[in-house]
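The stops below are given in the order in which to select them.

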Amino acid sequence: MGYRAEGRLARPDSLWEATAPPSPDLPTLADAVEADAVVIGGGFTGLSTALHLAESGRTVVVVEASVLGRGASGRNNGQVIPTLSRPDPDDLVARFGPDAGERFVALIRDSAAYLFDLVRRHGIACDAEQTGWVQPAHSPGRMRIAERRVAQWGRRGAPVELLDRAAMAALLGSDAWYGGWINRTGGHINPLALVRGLAAAAVAAGARVYVESPALSVERRNDAWHVRTPGGTVRAGALVLATNAYTTGIFPEVRREVVPVLSWQMATAPLDETVRRTVLPGRHAMSDTHGDLRFMRPTADGRLVTGGALLVPLNGHQRLKGIVGERLGGLFPVLRGVRFDHVWNGYIGMTTDYTPRVHRPGPDAYAWAGCNGRGVALSVSMGRELAAAAAGKDVRDLALPFTEPRPLPFHGLLRRIGPLKLLVYRWRDRREIA
Ligand SMILES: Cc1cc2nc3c(=O)[nH]c(=O)nc-3n(C[C@H](O)[C@H](O)[C@H](O)COP(=O)(O)OP(=O)(O)OC[C@H]3O[C@@H](n4cnc5c(N)ncnc54)[C@H](O)[C@@H]3O)c2cc1C
């Protein structure tokens, strides 16, 4: 299996890099080591897998190509969201069947609560606020999405509630939306702080985590997985691929199922206390029903972290300040002229049907990819399940809806033209098309 090293990922100018507690000191692999399981990728998925494996008494090695959190986990908006972007519970059950489908739905339903519990259990300092996650409807027709989701999640015991226009305006401090829904288990975190805290917890539990150690090749030999990095090798019975949108050539069939799409994030300057009291006064995290998404969350130091998408990344930092600044001012007049201190971006792993992919790429090997922008809570819970799989639990008892990989034809082309989908989203946003 070939691999083209893409080098260390550049340090983004993110608020999280400026504010997260330092990473634990971690070595680079420079030896031949053995473990029960090897995990490739040091984001939420890989570190959660390692933590759960170590806690269950298994030996585990993580190899990360760059520094921890340089993939999506350290670059995201930090919204802890217990739902997927498009497929609703009934869609997942129809697709994966009543057993695997309902197990996966339950994992998603409980994923935000699980993340906040884990943070509390390990005392991870990541500014976690379980204030609730809100999806406001940007048009009267999109209220149907809210009604459908409240009905389907409510039937499955999630603490969800439909909100009318006045209730939404009171919750968010803007009457720009027509109502929507809330799930009270959601909220927000500083994502890079969570990455580093998860790593510290995994290491404390006995996991060995190596940075600057890209897996260059992976081979199954003599009933074991052999992973080679520039400085060493890992031999392990089980393997978990946790590289998601940043998957390189070592598992081409997983890489070619996901289209990485650049998403831009921006942090405002700290807001005055009077402004803070009127914009997201309940400190909720929110992402609305636009395809060209409006999203934001408050931070511990009084900023808003928001962002947007661009058709062409050229001069993106400057252009976004104008586009998103104007958008924010339209939603909250008090934010007109707000300054942005940080602008950064990262790749979201999109699939054609907005549904994550979970695979068994070989004996005792497990992988998932394709969060479609809803992977903070999901990847921590997926890590728990992947750890159970790697520890030998019967896969029929796991909340992992396995499918066969179906690499996308013309994947290279799709990677290039993926951003053009934004034109479709914008066209639909102006109509009542969900
Ligand atoms: C800008 C942005 C905003 C987002 N906002 C939200 C949000 O608010 N809420 C939400 O729920 N989701 C959000 N997401 C999605 C979420 O961040 C991801 O789903 C989640 O972080 C995925 O975690 P992961 O560990 O699976 O992958 P990643 O964090 O991407 O980790 C993969 C790791 O694998 C490493 N790697 C790759 N190849 C190799 C190799 N050969 N050897 C060793 N290591 C390798 C990479 O360096 C990387 O560190 C956002 C994503 C982005 C990009």
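**Stop 1**

Select Glu212, which at 28% relative accessibility counts as partly exposed. Here buried means under 20% relative accessible area, exposed means over 50%, and partly exposed is in between (1.4 Å probe, protein chains only). This is a predicted model, in which local features need pLDDT of at least 70 and side-chain atom pairs count only at pLDDT 80 or more, while totals for chains, interfaces and linings use all residues. Residues are numbered from 1 along each chain as its sequence is written, and side-chain values use heavy atoms, with hydrogens and water left out.

Glu212 sits in the loop between β8 (208-210) and β9 (217-221). Helices (H or I, at least four residues) and strands (E, at least two) are DSSP runs, numbered from the N terminus. Check the backbone: phi of Glu212 is near 50°, a positive value in a residue other than glycine. Most residues other than glycine have a negative phi.

Next select Arg283, in the loop between α9 (273-276) and β13 (285-287). Its phi is near 60°, again positive in a residue other than glycine. Arg283 has 25% relative accessibility and so counts as partly exposed.

**Stop 2: aromatic pairs**

How many aromatic pairs does the structure hold? There are 6. Rings of Phe, Tyr and Trp (its six-membered ring) pair if their centres lie within 6.5 Å; planes under 30 degrees apart count as stacked, over 60 as edge-to-face and the rest as tilted.

Select Trp16 and Trp344. Their ring centres are 6.2 Å apart and their planes lie at 80°, so the pair is edge-to-face. The pair links distant parts of the chain, with Trp16 in helix α1 (residues 15-19) and Trp344 in strand β16, 328 residues apart. Trp16 and Trp344 are both buried.

Move to Trp133 and Trp181, an edge-to-face aromatic pair with 5.7 Å from centre to centre and 85° between the planes. Here too distant parts of the chain are linked: Trp133 is in strand β4 (residues 133-136) and Trp181 in strand β6 (residues 180-183), 48 residues apart. Both of these residues, Trp133 and Trp181, are buried.

**Stop 3: Thr247**

Select Thr247, in the loop between β11 (233-241) and α8 (252-255). Is Thr247 buried or exposed? Thr247 is buried, with a relative accessible area of 5%.

Its side chain makes a polar contact with the side chain of Thr243 at 2.8 Å. A polar contact is a pair of N or O atoms within 3.5 Å; within protein, one must be able to donate a hydrogen and the other to accept it, and residues adjacent in sequence count only if both atoms are side-chain atoms. The side chain of Thr247 also reaches the backbone oxygen of Asn244 at 2.5 Å. Leaving aside neighbours within four places in sequence, Thr247 is in contact (heavy atoms within 4.5 Å) with Leu241, Val254 and Arg255.

**Stop 4: the ligand**

Finally, display the ligand and the residues around it. Of the 39 residues there (a heavy atom within 4 Å), Thr45, Glu64, Ser73, Asn244 and Cys371 come nearest. β16 supplies the largest share of this shell, 3 residues.

A polar side-chain atom of Ser73 lies 2.5 Å from an oxygen atom of the ligand. A backbone N or O atom of Val376 is 2.9 Å from a ligand oxygen atom.
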